[in-house]
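Hi there,

Here is the structure I promised to pass on to you. Have a look at it first, and then read my notes below.

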Amino acid sequence: MKFGNFSVDRLSGAMLAHSVRLPSGLLKKGHILTESDIRALGKNNITHVIAAIPDASDMTEDEAAREISDHIAGDHITCAEAFTGRVNLYAAADGLVKINAAAVNQLNHQDEAITLATISPHAIVRTGQMVATVKIIPLAAERQAVINLVADTAGRLLNLHPFQPQTAIMIQTVLSGTTEKLFEKAKRVMTHRLAAFATALVDDVKCAHEEKALADLLLERTRTDHDMILIMGASAITDRRDVIPAAIMRAGGQIIHYGMPVDPGNLMLLAKLHGKWVLGLPGC
């Protein structure tokens with residue numbers, strides 16, 4: 001590709017590097033000049049413009065962006081139309097995005113004309129949300145560079161895993177002074193939060209905030225048909241030996257991890273009991 005300040009009389013088929021405003025309208029950056037455009041420029045005493053003249057070995061910015069985006073888009077990822085050397089990629093469903101970060105980094109170091117920006121790996125996205133964008137920096141890219149990049153880059157770098165319908169039950173433990181209003185609010189809020197991840201709260205039960213009472217209820221509820229047990233304690237979990245983790249262990253469960261490096265929510269507990277996931281919920 002040749003790039004520079006050229007006389008307009010030899011620029012048919014060239015691409016404008018900067019927009020040019022004429023009385024008849026705006027010729028935008030990237031616009032491919034026609035004979036009609038050249039006559040209009042001459043009539044307005046514009047003799048030179050900064051432009052790019054593609055070689056036979058070049059691809060236009062839109063062609064290159066389209067070819068690369070089609071190569072990297074995986075399951076449930078859709079590509080928009082190429083525009084000004086850019087193709088935006090969107091989520092086709094609500095779910096979790098998995099990104100091959102090493103391959104993205106490799107792609108971005110292969111040719112400075114070609115860039116790929118993405119959201120963070122394992123981000124939760126909603127239908128129609130943009131998850132990545134391919135942008136060709138100059139007005140054209142070398143065809144062989146694009147061919148080499150596609151050959152050297154793993155395909156389907158971005159895949160979306162849609163949320164699968166799940167069911168959950170919630171156990172709320174009771175201490176003296178805990179009000180019914182608080183129980184109802186917890187149920188209402190949790191129902192709303194779970195629905196955003198295609199999960200239905202199918203039951204809400206209560207028991208005393210005691211190790212044995214909770215362990216007995218957990219054993220009973222593991223026999224029912226649901227995917228997950230949520231435990232909202234009347235008092236937040238403060239130690240692995242506290243009431244909720246102790247009750248899970250007593251019922252034959254396994255504490256996988258206690259504590260999470262987030263705020264709010266760092267008192268969350270993750271466990272498994274007879275094949276079912278159990279979440280000890282933080283007070284927030």
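**Helix α5 and its neighbours**

The residues of α5 that are buried (under 20% relative accessible area, where exposed is over 50% and partly exposed is in between, with a 1.4 Å probe and protein chains only) are Phe183, Ala186, Met190 and Leu194. Looking down the axis of α5, you will find these buried residues within an arc of 60 degrees, so they line one face of the helix; the arc is taken from the directions from the helix axis to the C-beta atoms. Lys181, Arg188, His192 and Ala195 are exposed on the other side of α5.

Before going on, please keep in mind that this is a predicted model, in which local features need pLDDT of at least 70 and side-chain atom pairs count only at pLDDT 80 or more, while totals for chains, interfaces and linings use all residues. Residues are numbered from 1 along each chain as its sequence is written, and side-chain values use heavy atoms, with hydrogens and water left out.

What do the buried residues of α5 pack against? They pack against β15 (166-174), β16 (199-208), β17 (228-232) and β20 (276-281), where contact means heavy atoms within 4.5 Å. Helices (H or I, at least four residues) and strands (E, at least two) are DSSP runs, numbered from the N terminus. Helix α5 covers residues 180-195, which is 16 residues, and spans 23 Å from its first C-alpha to its last. That is close to the expected 22 Å at 1.5 Å a residue, the expected span being 1.5 Å times one less than the number of residues.

**Backbone details in the loops**

The peptide bond between Asp263 and Pro264 is cis, with omega near 0 degrees. You can find Pro264 in the loop between β18 (254-258) and β19 (269-273).

Arg156 is not a glycine, yet its phi is positive, near 55 degrees. This residue sits in the loop between α4 (143-152) and β14 (158-162), and Arg156 is partly exposed at 44% relative accessible area. His274, also not a glycine, has a positive phi of about 50 degrees and lies in the loop between β19 and β20.

**Cysteines**

How many disulfides does the structure hold? The number is zero, a disulfide being a pair of cysteine sulfur atoms within 2.5 Å. Cys79 is partly exposed at 31% relative accessible area, whereas Cys207 is buried at 12%.

Happy exploring!
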